[in-house]
Each structure stands twice: as structure tokens, then as C-alpha cells.
Amino acid sequence: MKSILNSGNLNGKRVLLRVDWNVPIKDGQVTDDFRIKQSLETIEYIRKQGAKLILISHLEPEEASLRPVFECAKRIIPELTFDDESDCTLLENLRKSPGEKANDQGFAESLASLADIYVNEAFSVSHREHASIVSVPKMLPSFAGIEFMKEIEGLKRFFNPEHPFLFILGGAKFETKLPLLQKFITLADAVFVGGALAHNFFKEQGHDVGASLVSSGDFHLKPMLDSGKIVLPEDMLVKSGDGIGVDFITDVGSTDVIVDAGPKTLETLKQKINDARLILWNGPLGLYERGFKTGTLELAKMLAESKKETVIGGADTLSATKELNNQDTFTFVSAAGGAMLDFLAHETLPGIEALN
Ligand code: 3PG
């Protein structure tokens, strides 16, 4: 895989730049432009070389227009136009064409026909076998963007981590996070499991998690518990008929819902952070998107103040650091969610293989 920095002279070339501008939008306005700003270095590099730039991105929901994203990006890149033939344009949402997700070869050819060179600056969607990620790069001379290379550098240290290494994994969907947990249980010195993922471990221990979110399926968690490396929340914020209170797992009733980590748990996490040299964090400690943010925000603060080597990623994790305005205090902030998890678990991604 070659970086765009080693692509030679781009003057007069047409460059198709795949970005991931799948950003949050509320009332027609972009609420977080982190991903747009992350692609700027590559955009400026290509523009300064005198190349024609054609930006392509997806946006969810797939029928949505990228126009609000364009309006936001135009404030940062004044020469940008929307979906026309200018020298610096953003095309409409790729996923409006069914061929993108279907990895249709005809659709990939139509994209490739627009340019002389392809650049992938969309690490965060490179776990998808979509036309613009895995097929277009096979049809054109292809390069990785500057941020794409930084993502790989920032994350690959975890394949051979410095110790003591603490891995903090929160959020839900055990089925997607299990491969990562299985891999890091051997690489890490301690693995803190928070959020809904912890509920499956509690069930494995024979506890009642009431009406709390759990992933369905048998994930064979006993060997992981037996490893002695898994650290689970000691107390949690629980919503019951009487309101919200702090409970131990043994107190959770059959209709109760665990919504966040409790104070003792956060104290333990602080200790574990102090003991570690390197920390990797992905996923919230509570039902973040439903407003139970305290544990996640506290953890973001503790890590930012720890002065340890800290690498973080995942949508809610990033949203917490944005709320605290402390993203600059981490060693590396990955813009990727699912792609970060897949890269860490498998050490490659379909989008990386396509560039190789
Ligand atoms: C993301 O937000 O994680 C990426 O843009 C990928 O989006 P997707 O999960 O809809 O493929």
C-alpha cells in the first residue's frame, strides 16, 4: 500500500478521493465536523499539486443528500462545489446508488471512469466491501490518504503493545465485539468490560440483569472470566420502579434496567488507569445515546488527565470527548467505529487489501 505522499506528480491529474463524511446531522446542520477536518490534509495536498479533485462519500440514511455536509465543508474548503464538473467537487451520496453497497462492478467502473487516480481517505468505512472501497482501487492506480496511514500507525501498536496495557471496551453488540475481546484477552494485562457487554458476563456469572440490554447468543465467556483479566463494573446506576439509584449486581431486580457505571466502578477504573502504561478505549460505559452519559464522560476526563498513552475510538466515545473539548489530550483519536474494531481484531480491512 502506497501513501498519496508517494504518488509522484499529480499536476493535471483527476483524483477520485473517497472520504467518510458520514457525519451526524441535526435539523439540517452538521453537529460534528471531525471527519471533514480529518480529510483536510489530504485534500490540501492534492489541490496544491494542481490536480482536479472529485470527492466521494456515503451518508446514512442511504437516501439522504450530502448537501448539508457540503454546506458545512464549504465553510472550510471555499472552492468546493456540489455534484458538478468543477475542479473541486463533492458528488452526491454514494449509497443513493444500490451499486455501492452491492459492490456492483458496473457502478465501480462508472466511478473509476471519472478519474486517473484513486485515493482512500475513508479508513472508517474500509471494513465494508462496497464498490468505492474495494473495487474502484483495483481499476485505477491507488493510494492511501494521509489520515488513513495515521489510523494504521495509531492502531497497529496494539498488535505488539507496551505493558502494562489496559483495554477498556464498552457499548453493546457482543456479536461484533467478541473477536476483539478474544484477541485482546491475551494481549492486554487487564480488560475492563463496561456498558451492555458487561451484562452478558453478569449473566454468565449467574446474576439477574433484569430488563437490561443483553446480546442474545452463547458467547462462551467462562474461559475469559477464568483468565482473571476481565474487570467488570462493581456497582451501577439502575433504573427501577422507584427511580434511579446505585446498586450492586446482586440487587438488580427482574424489571430493573442497568443504565450506567456507578462511583465505585469509576474509582476502580481510575486505579487501573494509574497502573497502566498504555490504554485503548472503545465504547460507552452506559446507555449514552439515551442520556446516561456520566460514567462515559468521567472516564474520558480520567483518561485525558492521566498523561498515559491513550488511544480512543468509536462514535459515542468521540462524542464524549467532543462534549469535554479534550480530544487533543489523547495520544491518538480514531475517527473509526466498526472499522477500528475490525482492524484491531483482524489486523487488516478489505479496503486495505484492495490498496495492496
Ligand atoms: C461509520 O460511521 O462507522 C462509517 O461511516 C461506516 O458507516 P456504516 O456503518 O453505515 O457502513
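This is a predicted model: local features need pLDDT of at least 70, side-chain atom pairs count only at pLDDT 80 or more; totals for chains, interfaces and linings use all residues.
Local features need pLDDT of at least 70 and side-chain atom pairs count only at pLDDT 80 or more, whereas totals for chains, interfaces and linings use all residues. Residues are numbered from 1 along each chain as its sequence is written, and side-chain values use heavy atoms, with hydrogens and water left out.

Eleven residues of domain 1 are in contact with twelve of domain 2, contact meaning heavy atoms within 4.5 Å. Between them the domains bury about 890 Å², with 64% of this on carbon and sulfur atoms; buried area is the accessible area (1.4 Å probe) that two parts lose on being put together, summed over both. F34, F123 and H127 supply 53% of the area that domain 1 buries against domain 2, more than any other three residues.

What about salt bridges, taken as a side-chain nitrogen of Lys or Arg within 4 Å of a carboxyl oxygen of Asp or Glu? Across the interface of domain 1 and domain 2 there are zero, although by this rule the count comes to 17. D20 pairs with R35, their closest N and O atoms being 3.2 Å apart. Because D20 lies in the loop between β1 (14–19) and β2 (25–26) and R35 in helix α1, the pair ties together parts 15 residues apart in sequence. Helices (H or I, at least four residues) and strands (E, at least two) are DSSP runs, numbered from the N terminus. D20 is buried, at 5% relative accessibility; buried means under 20% relative accessible area, exposed over 50%, and partly exposed in between (1.4 Å probe, protein chains only).

A second salt bridge joins E71 and R67 (3.9 Å, N to O). Both residues lie in helix α3 (residues 67–76), four residues apart, about one turn of the helix. E71 is partly exposed at 39%, as is R67 at 41%.

E309 and R157 form another salt bridge, with the closest N and O atoms 2.9 Å apart. This pair links distant parts of the chain, 152 residues apart: E309 is in strand β16 (residues 309–313) and R157 in the loop between α7 and β9 (165–169). E309 is partly exposed at 32%, and R157 is partly exposed at 21%.
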